[in-house]
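Trainee: Hey, could you walk me through a structure? I'd like to start with strands and then look at rings.

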Amino acid sequence: MNGENKPTDAVFKGGNNAATYLIILGIAALMLFLGISGMLKERIDLSEGFEGGFEKGDYYSGVPECGLDTAYLDLSHSINGIKVAHEYFYIITNEDMTSAISVRAGKDFAKNFNEEYENTGKVKVTGKIRELPREAEDSLASMVIEGKRAGIEIDGYYYIDTKSGMLNIIKIAVGAINVAIAILFAVSSSIKRKAFENGERKLTTPAGTIAAFLLIVAGIGIIYLMLMSF
């Protein structure tokens, strides 16, 4: 019949608009840039930081001669009452213990230092200088004052983030995943369009299902980065 509408006469609405791709690829570009630039940034010797001061955003690397044998803060993060991440803050110093700075490291970091504060484990510290979170500043305030009385200059504003390398890897992974999501969305849209032109309607495709799963993975990665980076 001349007045009968064919499936191919309707407008295809199963694709993703340009804004969706721009957002996904924009996040991908940002994550890849931050992760790769962080991995490639020059590492300054730790001793230079102790001597001349640490600069925010720079990366430092070296073996601290001394440090406290316990964490001064265990900062936990929760989502809907469920603990999802921990941050442990420690203190490291130069050899004569006149200059000190906080370090965010793993739970067992303090085991590298003995009761005389010596780095018996010869652990190496590598990471980016970040601003201390408010909770760490508050916990450190009294130690900064006591340190000055004892001739020890403790940095009360910055810390070395030994998690920087891992966070850079996560950023690169999130960026790569977002590129894959954009490609899978395009493939899924193409499959749906071809099916539509043949008079079929596909609500889902294998590519779309994989893309949805990767969206969840990328979302978890971004949430973790937000918790651990800001």
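Predicted model: local features only at pLDDT ≥ 70, side-chain atom pairs only at ≥ 80, totals over all residues.

Trainee: Okay, how many bridges join β6 to β8?

Mentor: Five, and β6 (residues 99-105) runs parallel to β8 (residues 153-161). Strands here are DSSP runs of E, at least two residues, numbered from the N terminus, and two of them pair if DSSP finds at least two bridges between them. Val 103 has Ile 160 in β8 as its bridge partner.

Trainee: And β7 with β8, parallel or antiparallel?

Mentor: Antiparallel: four bridges join β7 (residues 125-131) to β8. One partner pair there is Arg 130 with Tyr 159 in β8.

Trainee: Switching to rings, how many aromatic pairs are there?

Mentor: Six. Rings of Phe, Tyr and Trp (its six-membered ring) pair if their centres lie within 6.5 Å; planes under 30 degrees apart are stacked, over 60 edge-to-face, the rest tilted. Among the pairs, Phe 50 and Phe 54 are edge-to-face, 5.5 Å centre to centre with 85 degrees between the planes.

Trainee: Why are Phe 89 and Tyr 159 called edge-to-face?

Mentor: Because their planes sit at 80 degrees, with the centres 5.3 Å apart. That pair links distant parts of the chain, Phe 89 in β5 (residues 82-93) and Tyr 159 in β8, 70 residues apart.

Trainee: Is Phe 89 buried or exposed?

Mentor: Phe 89 is buried, at 0% relative accessible area. Buried means under 20%, exposed over 50%, partly exposed in between (1.4 Å probe, protein chains only).

Definitions and conventions: Residues numbered from 1 in each chain as written. Heavy atoms only, no water.
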